[in-house]
Amino acid sequence: MSDTAERSPSPTPPSPLEGRGDGARRFGDVWQWLGISGALCGTSGIARRTFIYAYLGAAIVAGAVIIVNILTTHHEEPQYGLINPIIWEGTSWVTLMLFYPIAWIAYRLAPPSAQPRWLLLAHIPAVVLFSLAHVAGFVLLRKAIYGLDGVEYDFGSFLPHFAYELGKDVFGYGIFISTFTLIEHLLRQQSLIKTPEQTLTFDIRDGAKLNRVRLDQVLAIGSAGNYAEFNLKDGRKLLMRSPLSALENELRPRGFLRTHRSWIVNATQMTGLKPEGSGDYTVELGPLTAPLSRRFPDALAKLRQ
């Protein structure tokens, strides 16, 4: 193996509900929330399919780019041979796909439609973490591979090389988030194509327990600690271990609106809208009421339609 390995790598408001279930989150619940746990991925499997389709698509596209980069480097800098570009680009591809779930977790925490909008700031530390993991991963892999041949791999000065890699990773991260959004939107639109006699239902899961309810029976969903509390027309309150942001993303196409940091309401079940002053409202849903914060003007506009 050539000693050229030593050259620097080529650029490549608090909840109104009483908190419940505040204990440690079970490992299986974490995977259910992230949407990548197979049968435990959620209510419809859309989150799991979004992750799988986007992951496979990213693997194929990134793989094609890697092949082009290898061939280009070999053509323009033949002194490095073919093995070195394969190692450089191959290790980058491996760690890119290995740490790809960082972007997915950030997307689940703060999708582009997240309310309030400041939640989107979570993507700043997420993309930095993603890039750090990507760079550290491929540097360690290259050191290990070259070390097998007794050659020392030198990444060069860290800060300028990391700044360059960060710029590329920010672009890739943005593509990942856009892909998640597009695929999930298409899958949700597909899931809504139903015959008129079919009733839309929702599976409320808590571990192995499942309650299947009609969506027109759900008045609102409130935050209850680590759980979401479904308030039904018949007076039942069912718990599901899930953040409201994940439920909002899944139920928005079915007529549900986020009206408060701790509440999602079924807009089709609204019976009244009462102003409370300072721009806040109370949403009346038959026997139930839920707050509508002035921080959610889009929800107010849709409820007034």
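This is a predicted model: local features need pLDDT of at least 70, side-chain atom pairs count only at pLDDT 80 or more; totals for chains, interfaces and linings use all residues.
Me: What else describes the packing of helix 3 and helix 5, besides the angle?
Reply: The axes of the two helices are 8 Å apart, and the crossing of helix 3 and helix 5 is right-handed.

Me: Which residues make the contact between helix 3 and helix 5?
Reply: Helix 3 contributes Asn 84, Ile 87, Trp 88, Thr 91, Ser 92, Val 94, Thr 95 and Leu 96. From helix 5 come Phe 130, His 134, Gly 137, Phe 138, Leu 141, Arg 142, Ile 145 and Tyr 146. By class, the contact of helix 3 with helix 5 has nine nonpolar residues, six polar and one charged.

Me: What makes strand 5 and strand 6 edge strands?
Reply: The open sheet of five strands has the order 5-4-3-7-6, with antiparallel pairing. Strand 5 (237–240) and strand 6 (256–260) each have a single partner strand, so one side of each lacks a neighbour in the sheet. On average, neighbouring strands of this sheet are turned by 25 degrees against each other, direction ignored.

Me: How do you know that strand 3 and strand 4 pair?
Reply: Pairing needs at least two bridges, and strand 3 (residues 218–224) and strand 4 (residues 227–232) have six, in the antiparallel sense.

Me: Which strands does helix 7 touch?
Reply: Helix 7 (residues 244–251) packs on the sheet and touches strand 3, strand 4, strand 5, strand 6 and strand 7 (263–266). The direction of helix 7 makes about 155 degrees with that of strand 3.

Me: Why do strand 8 and strand 10 count as edges?
Reply: Another open sheet, of three strands, runs in the order 8-9-10 with antiparallel pairing. Strand 8 (272–277) and strand 10 (288–292) have a single partner strand each, so one side of each is left without a neighbour in the sheet.

Me: How do you know that strand 9 pairs with strand 10?
Reply: At least two bridges are required, and five join strand 9 (residues 280–285) to strand 10, the two running antiparallel. Tyr 281 has Leu 292 in strand 10 as its bridge partner.

Terms used
Residues are numbered from 1 along each chain as its sequence is written. Side-chain values use heavy atoms; hydrogens and water are left out. Axes are lines fitted to C-alpha atoms, for helices over the stretch in contact, and angles run from 0 to 180 degrees between N-to-C directions. Helices (H or I, at least four residues) and strands (E, at least two) are DSSP runs, numbered from the N terminus. A crossing is left-handed if the near helix is turned anticlockwise from the far one by less than a right angle, and right-handed if clockwise. Contact means heavy atoms within 4.5 Å. Ala, Val, Leu, Ile, Met, Phe, Trp, Tyr, Cys and Pro count as nonpolar, Asp, Glu, Lys and Arg as charged, and the others, Gly among them, as polar.
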